[in-house]
Amino acid sequence: MNKLKKISKIMIPLALSIAVLLYACGSKFLNKPPLGTISPDVVQNAAGIQAILIGAYAGLDGAGLNNSGWGSAVDNWTYGEVAADDAYKGSTPSDQGDIVGLFQWNASATNPYVGQKWAAMYDAIQRCNDVIRNMRLVKGVSGTDTTEWKAEALFLRGFFHFELRKVFHYPPFVDENISFANNNLNVPNIDGSGNYIEIWPRIEADFAYAAANLPAIQANKGQANKYAAEAFLAKAYMFQQKYDSAEPLLMDCINNGVTAHGDRYKMLTNYSTNFDPDPSAKNSSESVFAAQMSVNDGSASNGGSGKAYGDALNFPYGAGPGACCGFFNPSQDLANAYKTDASGLPLLGTAFQSGSGVSDPTGAWTGNVDPRIDITIGRAGIPYLDWGPMPGDSWIRSPADDGHFVPKKNVYAKSQQGTLSDNENFWANVELDANNVNLIRYPDILLWEAECKVLGKTQDLAGAQALVNQVRARAANKSYWVTSDGSFNAANYTYNGSTYADKYAVGQYTTAWTDATTAMNAIIMERRLEFGMEGHRFFDLQRWQAALPGTTSLPGNYMTTVLSTYATIQNAIHPTQYPPTVKFVTGQSEYFPIPQGQIDAENSTGKVYLKQLPGY
Amino acid sequence: MPFKTNGACKGLSLALFALLLSFSVFAQKTVTGRVIGKADNQPILGATVVIKGSRLATTTAADGTFALKIPDNQANATVTITAIGFEAYSAPLAGGLNLGDIVMMQSNSTLNDVIVTGYTAQKKKDITGSVSVVDVKAMNSVPGSTTESLLQGQAAGVTVINSGSPGGGSNIRIRGIGSTRSVDPLVIVDGVQSSLHDLNMNDVESIQVLKDAGSTAIYGVQGSNGVIIVTTKRGRGKPTVQYNSFYGTQQPLKNGFRLGGSQNYADVYALQFSNDIAYGGASPNNVYANNWFGVGTANYTPPVLPDYLSPTPYTTNPAGQTIPNANYAADQDPSKYDIVNNQITRTNKIGTDWFHEIFKAAPWQSHTISVASGSDRSSYYFSLNYLNDQGTLIDTYLKRYAVRANTVFNVKNHIRIGENAYIFYRQNPQITNQNEGNAISYSYRIPPLIPVYDIMGNYAGTHSFTINNSSQPVAVQTNSALSTGNDWQITGNVFAEVDFLKHFTARTSFGGTIENYEYYYFTPTPYMNAEGSTAVNSYTEGSGDSSTKVWTNTLNYHQTFGDHDIKVLIGTESKEYYGRGIVGQRASYFSSNPAYWNLSTGLPSTQSNGSLQYAYISGYPQQSSLWSYLGRVDYAYKDKYLVSGTLRRDASSLFAPGHQVGYFPSVSLGWRISQEAFMKDITWINDLKLRGSWGKSGNLQAVPNGNSYNLFGSASYNSYYDLNGTSTGSQLGLYASQIGNRTTTWEQDKLSDIGVDASLGHFDVTVDWFKKAISGLIFQAALPNTAGGAQAPFVNFGNLQNVGFDGSITYHGQVNRDFKFDITGTFTHYTSKVLSLPAGIQYYAYNSTGSSRINAFTRLQPGHAIGEFYGYKVIGYFKDNNDVTKSPTQNGASPGFFKYEDVNHDGKITDSDRTWIGNPNPKFTYGLNLNAQYKNWDFNAFFYGSYGNDIFNYIKYWTDLPQVFEGNVSSDLIQNSWSPTNLNPKYPRISHTSSDANTNQVNSWYVEKGSYLRLKSLTIGYTVPKNVFKWAGIDNLHFYVEGANLFTATKYKGLDPELQGSSLADQTNFGIDLGNYPANQKTWIFGLNLNF
């Protein structure tokens, strides 16, 4: 069969050549780059670096980051307030039961909340490092550009490390040299001899670079500027009791400081305006630096974990502005702190803790209160913005556990619902709003400066008193005081009635302070009253745990004293939350454990890079 | 451009076929005959008639007749006739053209059955690999809407875990768990990669499961999870029409979650507080105060159920005290009804049986009509299927409309051209099974006091009883009925085969799958719920498509020289995947009327978009390709000694150049001992074969597209920021989204197998031992958080080993001419063990995707199986305060709470005291199939069981710890919970506290035994005698009645011990009960098979 032979002759070479050809198809055939993303060379230009920088700023909202959740909320409501004496967890006992370990000061190293904070902050930190790493690969940009980018990136990097330092004591410092490519991700928190490495000098260096290189005025209101950097550098010094290093920076802010859009720093007339989500109220002359929050911005595609997610649980339970959850209830102790005497001065030390409690169902305080209470705490019968009088326990999920108060500073007015609260798809969209989280407000600077004057070398007690009185004078401005008649005006966040909702009194310290203890007791109380529920309390106590120079009855371990007393009081009124076993342990409870998963990951080769904190 | 080059390749190939078409034509004659069975003299349908040594073949029609055209020069050839279940018949034609009646002997042996394996077909006796041949008829005896679910218990070595969700997926594991990610086997339907999920079982001719490397290595990097080969039906003989249909009803489980009624709920509520005072050291003031039960007492008193939940009988005054509600009576007046502020709701004082409010009896039907015909020139098979599986969970269903068309044309005797096409349209909105946020979970979370409807007929829910936060399950399901989830697919191939040079066959096949899907859902404001009652409504709509294109070319050579039989196969294959999709969402719709819903009618500022891929891991479009060479040699000497070798070379686009190419060899040996002379005298051994194989295959299902690249991305929720403080907008930001790894490659399996196939008298036995060693397991690198937020790359590390044995045994019995039966048992055993993880990594802890309120349930650690439960070991309850004091220090310790074992004996209970508390992997699973025929009656029973698996009963977290969101509780909670007089009960002390000693930790209290035995189906059928309906042209009419899941014997108290993971693509969490859509519901079916 000739034909077949012929075919076989043609066939075999043909089949072979086809096979080879097919292979040629194959090599290009295998080139399938990923879709919907871009490679690094596309971003290595001026516009790209700007966008990476915005991505780093996006870390400020504490949401959308690696492993982020309520444990990474930028206002630190769990660590800064619930773990201190200002607030209860809220909701039912088992709901977000991981917070129990935080406020009972015995969190396990596997507690997911601490894992969230850690992961989210390092995500944000590497975004800052990405700015610096990629900036160096951009061709044809001016030195001014790179200095500005670097200064902003280092400002943010300093801030995120500061967050870690407050919560974890000895977190490793991650700079731009740390990367997967450099194979050096096991960043140690101990040195060669096994001693913890203190990262304050690295944080200071980042803020110092930012302070030296950032302009005073920026294009965007939410951008970091020179004075924000100085304020954070001063804050870092305050945490190290370096009052004399902090003071010149604070004085520069007081004398020359302006916001990123050029307003001289000053306190607003109305205390309440600081908690208004309206863009005209945000980024005011009082807002030294804030995490910007936005709503209705198309970020719902990830199930709502958008901008202000960190506080999404912290609304009244199921009614009023709340749709859900009923967390973060102000404590009875915080309410009692707002008691004032006949001249409008607070009851210092532990004096406010005795006698009847403010709005306590078993017999309420009938004396004066500081008017800031009703901006900070939602109390039964008192108008709650324009949501009507707070109805009482029907807004509380489990009064036996949560007390009788609801948070107020993070909430928005009813008339703002839908415009400044979210409309996007989320199981509790009405609990996402555009309220900025103020990270430093101008009174912070004034009260830190007052501390410096007491505890630093100047020993200017009169100057300190004047600063405290300056903060109190604003609080005494009646225009924001809550009235029980009339209505709430969301345009300027004031109540326009004429009858005040409670017996408000806030007076000036007129008797000259003669010793540091008296002065510090007043400053400590003032910070609590001014910044209640804003996430600072635990960390202030942490600062004051060190011996305060010149004071007599504040000999150190102040934090232990305050929180141990608090635990004892709470055991009587909320025994399910504070059983007798709850103890604040000096040398341990000031910080939270380093996440076990991170210790395991970093020490995976057997060598110890990351060492757990003492006591955990 | 790759595409263009590819086109050129195709062109060349077509040219090749054009060339091969140029064969000469011979003069022809026709051989005819009729094939009948010896036992019953009935005609045999579908017997294969072949002219030996040629490609001339046909099959018999329903009446047993055949007609085969042969060339003149074949007039003296030998004709061979084979039929399943009969001994082969062989006789020379000797010039005769009408062979008359050919009588075939019934055979007990299936040795000559032709089995389709990787890229080829072999006689069963020649197979050296481990291949389970599934009894398709037995498989079809169980009702099921997805074909993979029917594999359960039918094939040795295959473990299948199903749920009752219509159209839900199954966990399929062939020889253990070979990866932490997907272990889905490769499914080949008619030679093309496809899926079992929506296959119409009535179209299936045969199913083989390839298990060892000898049979799977030819699928290379896709073969390590086993390969399932499906062949669909071909037309045979005269045109016949078949109608197969069943109609049935599924019954919800009788018991549900065994929860208590309203008074029980209230009593438990009160006990939480009084117990804490009595035993927990709480102050006597720690009493409850709420708007429904008023103020509690320090000593337990049962609360009085109010007549109404809303208005509430109590209220709080501004001082925070709970007082009687002055407006209670007045606000009950229907004229005061206000859905937001006064949703008047009567208390259901007996208690709403939420389980049976959402689970109702549901109909199930399936109808298939097929037409088939075949001759030596062409054959066709055409079928139409309508399936409507209404789930017992209200508003869940699977509706499928499917068409199959298979045709083959024989051109000039040596060329076959054909196609297989399957097209279906599916409507299958599904629930997220095993999730704390679905209606099933809500049915045990919501308190029984709440009625389904308020006084105006609107849904009542926790909005009227805010002590609990559950969503309302009936509302959730009814609302889901307004959603759609539609899918449209075409899958199949076109092929051509040419025989040439006597011993060669070339084949080309181009096929694949094209899929389109679309869905939308509307989420109304859940006014009836405690949470989100004021949230805005929203509407989401998405659609997408994907395509897989597979082009396969093979060349076969087969020749016999004396005692030597040699077969060689070489081939190439290319596979290309592309998929993308979009989703959009808006909120704040003016109306919840479905006619109004579209993406442009919602509030514009709430618009959010997503770009999605389909069926892969991350949220981007996907593309990938695979390019392969394959080869196979089979050699047999004297039909006794069998050797096979395969080699495949795969190159995958998922990896970086340099790491794309892998070689996957295998070798297998067989020895048919029964063919040896010394065995000839042992008459009870019909056949005995010893076989062994070794080889490599791979798995790359866990690797996402682009894993080798460093990438930047941008997402509004993640990298955008409102830098200018506008409150309602944000500026574009970028973030590093992925860290690439250039060296990642596939997971590699080394699989060894030793097996025996025996046919001993009336028994057929197959047993295999195997060892599957997986190296380079793909994990997402566990980088420290210092790496930042970019997705860590998937990298290879870790080794895993599965060792086990599996087998099947069949007994064919025939009592007399009227009564036949056979019994088949299959069993599957594997032990899976992690051998190593990356240097220094001690373990990985894994959360369930369905809920993780008490931390990770499982841990992956060398020396243990995938999925083992890890937590504290409960050694009892604290007896009293003295016991608390003298026991190791434990957070939250209190009388009646869990007392954990101090594993490291350091005097305190810490994280390091956690230990292994259970294993969800069964020791073995088994199936038992009984078939009998008596005259016109047929009978089938199928049992399936699983032995030795543990279950993590997470439902107890919700129902037996009442402080957990104050949800509904078990009916026996009060009697069987801790008290000083009941120190060792089922449940801990009823308490309102939450701590590591009760609600907050994974511990052994949750772990229960999960063994079970289930009667999956019981069928009795009757075939109407032929003459009855002969007048109507009906050839065959068969009725049957079937009961499915008639009983499940188990000690497990949950709904169903058969538990899938919350995510089928994740093997690290399974056997955890979150309220599984039960797979054990009784089903009654009436069915009918009609041929004409």
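These questions and answers cover a sheet in chain B and the interface of chain A and chain B in a predicted model.

Reader: Which strands of the open sheet in chain B are the edge strands?
Author: Three strands form this open sheet, and their order is 4-1-7. The pairing is mixed. An edge strand pairs on one side only, and in chain B that holds for strand 4 (65-71) and strand 7 (98-104).

Reader: What area is buried between chain A and chain B?
Author: On one side, 132 residues of chain A take part, in contact with 125 residues of chain B. Carbon and sulfur atoms give 59% of the buried area. That area is about 10100 Å².

Reader: Which residue of chain A forms a salt bridge with B:E531?
Author: Between chain A and chain B the count is three salt bridges. In the one with B:E531, the closest N and O atoms are 3.3 Å apart. The partner is A:R397.

Reader: Which helix of chain A supplies the largest share of the side that touches chain B?
Author: Several elements of chain A each supply at least two residues of this side, among them helix 6 (112-135) and strand 2 (287-291). The side divides into 62 nonpolar, 50 polar and 20 charged residues. The largest share is 16 residues, and it comes from helix 1 of chain A.

Notes
Residues numbered from 1 in each chain as written. Chains lettered and ligands numbered in written order. Predicted model: local features only at pLDDT ≥ 70, side-chain atom pairs only at ≥ 80, totals over all residues. Heavy atoms only, no water. Pairing = 2+ DSSP bridges. Helix = DSSP H or I, 4+ residues; strand = E, 2+ residues; numbered from the N terminus. Contact = heavy atoms within 4.5 Å. Buried area = accessible area lost by both parts, 1.4 Å probe. Salt bridge = Lys/Arg side-chain N within 4 Å of Asp/Glu carboxyl O. Nonpolar A, V, L, I, M, F, W, Y, C, P; charged D, E, K, R; others polar.
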